[in-house]
Amino acid sequence: MNIQKYVAFVKVVELGSFTKAAQSLDYTQSGISRMINDLETEWGVSLFERGRAGINLTSDGLKLLPQLKRICNEHDILMTQIEDLHDIKTGMIRIGTFSSVATHWLPNMIRIFKKDYPKIDFELLLGDYTEIESWILNGRVDFGFVRLPSKPDLDTIFVEQDRLLVVMPLNHPLANCEKFPINDLLSSPFMLLEKGAKAEISEIFEMHQISPQVNFTTWDDYAIMSMVENGLGISILPELILKRIPHKIIAKELEFPAFRNIGIATRDQKSLSLASKEFLEYLSYRNIE
């Protein structure tokens with residue numbers, strides 16, 4: 001089947017090696033090479049440049065890669081839906097998520113779900129809001145956790161409102177304040193939790209017309225906590241990521257409370273696999289008391 005050749009091509013690109021792709025897909029290396037050669041012969045193009053240093057995609061291969069990835073993803077979705085016609089005893093649930101949800105919600109949900117459906121497997125892709133929305137739209141994941149509102153062409157479900165808190169080192173002058181004054185965000189170096197598209201923290205700055213001195217920008221919550229702990233500045237982080245943290249930092253609510261709305265997004269809720277629909281019924285188990 002051509003789909004097997006497409007999968008082989010995508011896997012070779014992902015792993016950068018015919019040998020690794022063969023091991024991953026349980027083929028021989030010669031079998032993978034034959035499938036790639038078949039595609040090149042059938043299409044009359046060269047997909048890979050082969051040299052001593054390894055393999056690289058040709059310009060033709062690079063142009064074809066996105067469509068072949070989509071075909072493979074759509075085939076996975078088709079197979080999942082066919083399995084759903086029988087039962088949900090086996091299968092794969094692919095979830096796009098950001099670190100706080102992956103750390104504090106999904107482990108308990110998956111643990112309890114696996115008691116009921118032990119043969120369902122999971123694949124988690126961690127990214128920022130924009131990446132997760134893209135993965136949902138191109139079929140890379142079945143659904144994803146996103147900040148609401150999200151792109152209008154996604155189906156969304158509101159899950160929970162998450163407070164945004166100022167985090168500071170233990171010896172910060174305002175460590176004992178009841179609520180952190182907005183204007184005092186200007187008095188210390190600021191560690192910004194963002195990557196790519198503008199997120200909720202920049203929106204706080206715009207709303208109150210302030211411009212903190214941003215010394216560091218990342219999408220890694222724990223990197224920011226470590227830097228704050230070491231006295232390099234302050235930041236604003238979601239309350240969800242601040243649960244059960246190992247870092248010695250203080251979190252305070254802003255004088256003007258700020259929030260992010262967390263939701264579930266899908267391309268089309270009706271087309272979700274039965275396994276994914278069933279897993280979403282376990283959202284009530286997300287918080288461990």
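The protein chain holds ten helices and ten strands. Helices (H or I, at least four residues) and strands (E, at least two) are DSSP runs, numbered from the N terminus. The model is predicted: local features need pLDDT of at least 70, side-chain atom pairs count only at pLDDT 80 or more, and totals for chains, interfaces and linings use all residues. Residues are numbered from 1 along each chain as its sequence is written, and side-chain values use heavy atoms, with hydrogens and water left out.

The C-alpha trace of the protein chain spans about 70 × 45 × 35 Å along its principal axes. Of the 289 residues, 47% are buried. Buried here means under 20% relative accessible area, against over 50% for exposed and partly exposed in between (1.4 Å probe, protein chains only). Among contacts with a separation of 6 or more, 71% link residues 24 or more positions apart. A contact means heavy atoms within 4.5 Å.

Eight strands form an open sheet with mixed pairing. Their order is β4-β3-β5-β10-β6-β9-β7-β8. β4 (120–126) and β8 (214–218) stand at the edges; each has a single partner strand, so one side of each lacks a neighbour in the sheet. Two strands count as paired if DSSP finds at least two bridges between them. From one strand to the next, the twist averages 25 degrees. Helix α6 (residues 106–116) packs on this sheet and touches β3 (91–97), β4 and β5 (143–148). The direction of α6 makes about 170 degrees with that of β4.

Within the sheet, β5 is mostly covered, with six of its six residues buried. β3 and β5 run parallel and are joined by two bridges. Glycine 96 stands opposite glycine 144 in β5. β5 and β10 run antiparallel, with five bridges between them. Here valine 146 stands opposite glycine 263 in β10. Strand β10 (residues 249–266) also pairs with strand β6 (residues 155–169), in the antiparallel sense and over 14 bridges. Leucine 164 has alanine 258 of β10 as its bridge partner.

Helix packing was examined next. Two packed helices are described by the angle between their axes and the distance between the axes. Axes are lines fitted to C-alpha atoms, for helices over the stretch in contact, and angles run from 0 to 180 degrees between N-to-C directions. Angles under 35 degrees count as roughly parallel, over 145 as roughly antiparallel, 65 to 115 as roughly perpendicular and the rest as oblique.

Helix α1 (residues 2–15) and helix α2 (residues 18–25) have axes that come within 8 Å and cross at roughly 120 degrees. The two helices are therefore oblique to each other. α1 passes α2 in a right-handed crossing. A crossing is right-handed if the near helix is turned clockwise from the far one by less than a right angle, and left-handed if anticlockwise. On α1, the contact is made by Val7, Ala8, Lys11, Val12 and Leu15; on α2, by Phe18, Lys20, Ala21, Ser24 and Leu25. These residues divide into seven nonpolar, one polar and two charged. Ala, Val, Leu, Ile, Met, Phe, Trp, Tyr, Cys and Pro count as nonpolar, Asp, Glu, Lys and Arg as charged, and the others, Gly among them, as polar.

α1 also meets helix α3 (residues 29–43): their axes come within 9 Å and cross at roughly 110 degrees. α1 and α3 are therefore roughly perpendicular to each other. α1 contributes Asn2, Gln4, Lys5, Tyr6, Ala8, Phe9 and Val12 to this contact, and α3 contributes Ile32, Met35, Ile36, Asp38, Leu39, Glu42 and Trp43. By class, the contact has nine nonpolar, two polar and three charged residues.
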